[in-house]
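Trainee: Hi! Could you walk me through this structure? I'm new to it.
Mentor: Happy to, let's bring it up.

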Amino acid sequence: MFGLTLSVLTLTLCVAVGLEASTVLIQSPDVVKVSKGGTVKFRCDLQSSNSNYTVEKYTAHWYHPENKSHVILSLFVNDQVYRSKGLSLRFQPSRDVVNNSYILTITDTQLSDSTVYICGIWGKLLGKGTRLNVTSADVPVLIQSPILQRVTKDHTARLQCTMSNTAVRDTDVHWYRELPGQDMEWILTHDIMNSTRRSPGFTDRFQSSRDTSNNSFILTITNVQPNDTAVYYCKVWGDISGNGTQLNVTISETQTDQVGKTTLVWIILGALLAVTAVIGGILITRYTLFGKKESPSLGAADNQNTTADYENISSIRDTERSGDHPADSTYMALQRRDQSIYSELKGNKQTADS
């Protein structure tokens, strides 16, 4: 029994891997508009180069747009249907074997049905989704306020988008912005389930909310920065847009002074470094050019010392010549002895002569 179960599981995984590698799911249309109470059908075509991959062999799932692991509706190969808690019987899945497609039909559409519906098989192979916009008798009108808002850097901006003819709780809202000289870019989407999807690069500084008391959408931007300066737009149903709010981010005098002081400090440091570099260059250049000329000066000093010594010696010789010998006891004794010997020899000579 275990071997049979393992074989079935292995076969299932092999089929899933092969299917994922060679097939795609194409959803159509991209956007559907329908009046409240109407009926819509979404197609999800299974396209594969292998003709054996057909819709009757695989279970189809329809997923929550914000959570691809959350199945809201399933159609099994035995045609049994699974619905998530609270999902109405107005949602009916089926197969079109002739065109190898899965079909989702929604009858008696309500404003709350407006969202994105994604089909998938095996939990991995997904379509790109179809957006449903359910409209009321009157098209929504969006009025943004204020038209111009100035906010100091590091403070909080609060942009309001008031909607008429439709309740804010019954539709998704999309926020866009247009930077100076650039194309409009998507910031985030806040759906009717209160889930938020943000465009890459936008952090949770950008928060969307609903104010049901005055039927408004609110975009809050905390810790605003100069590069947040732009025109911001709210949109519903994909193509109905507000009139826009121009957000200008300014810098306070204190912040300007701080920036000025910081700039001045950097200028002073740069000047000091430049002066230090110049002085260092001059010293290096002086040493390189004049280092060899400094050696003779040392020789000159030696010559001065030699000259002094010579003068001392000459002075001693002059002293000797003038008879001013140093009062040295040994020298005096030798001098007296020489005189005594000389006198004795002189006396002897005189005696001999006589």
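Mentor: Let's begin with Asn 100, which sits in the loop between strand 7 (91-96) and strand 8. Strands here are DSSP runs (E, at least two residues) and helices are runs of H or I with at least four, numbered from the N terminus.
Trainee: What is the phi of Asn 100?
Mentor: Phi is near 55 degrees there, a positive value in a residue other than glycine. Before we go on, this is a predicted model, where local features need pLDDT of at least 70, side-chain atom pairs count only at pLDDT 80 or more, and totals for chains, interfaces and linings use all residues. Residues are numbered from 1 along each chain as its sequence is written, and side-chain values use heavy atoms, leaving out hydrogens and water.
Trainee: OK. How many bridges join strand 3 to strand 8?
Mentor: Six, and the two strands run antiparallel; pairing takes at least two DSSP bridges between strands. Lys 41 has Thr 105 in strand 8 as its bridge partner.
Trainee: Switching topic, where is Pro 29?
Mentor: In the loop between strand 1 and strand 2 (31-35). The peptide bond from Ser 28 to Pro 29 is cis, with omega near -10 degrees. Another cis bond joins Ser 145 and Pro 146, with omega about -10 degrees.
Trainee: What volume does the largest pocket have?
Mentor: About 390 Å³. A pocket is an open set of points on a 1 Å grid over the protein atoms alone, where a 1.4 Å probe fits, with protein on both sides within 12 Å along at least five of seven lines; lining residues have an atom within 4 Å of a point. The volume is the space filled by probe spheres set on the points, which are joined across faces, edges and corners.
Trainee: Which residues are closest to the centre of the largest pocket?
Mentor: His 64, Ile 72, Leu 87, Tyr 117 and Met 193, out of 19 lining residues. Strand 9 gives the largest share of that lining, three residues.
Trainee: And how much space lies in the second largest pocket?
Mentor: About 240 Å³. Its lining has 11 residues, and among those nearest the centre are Val 116 and Lys 128.
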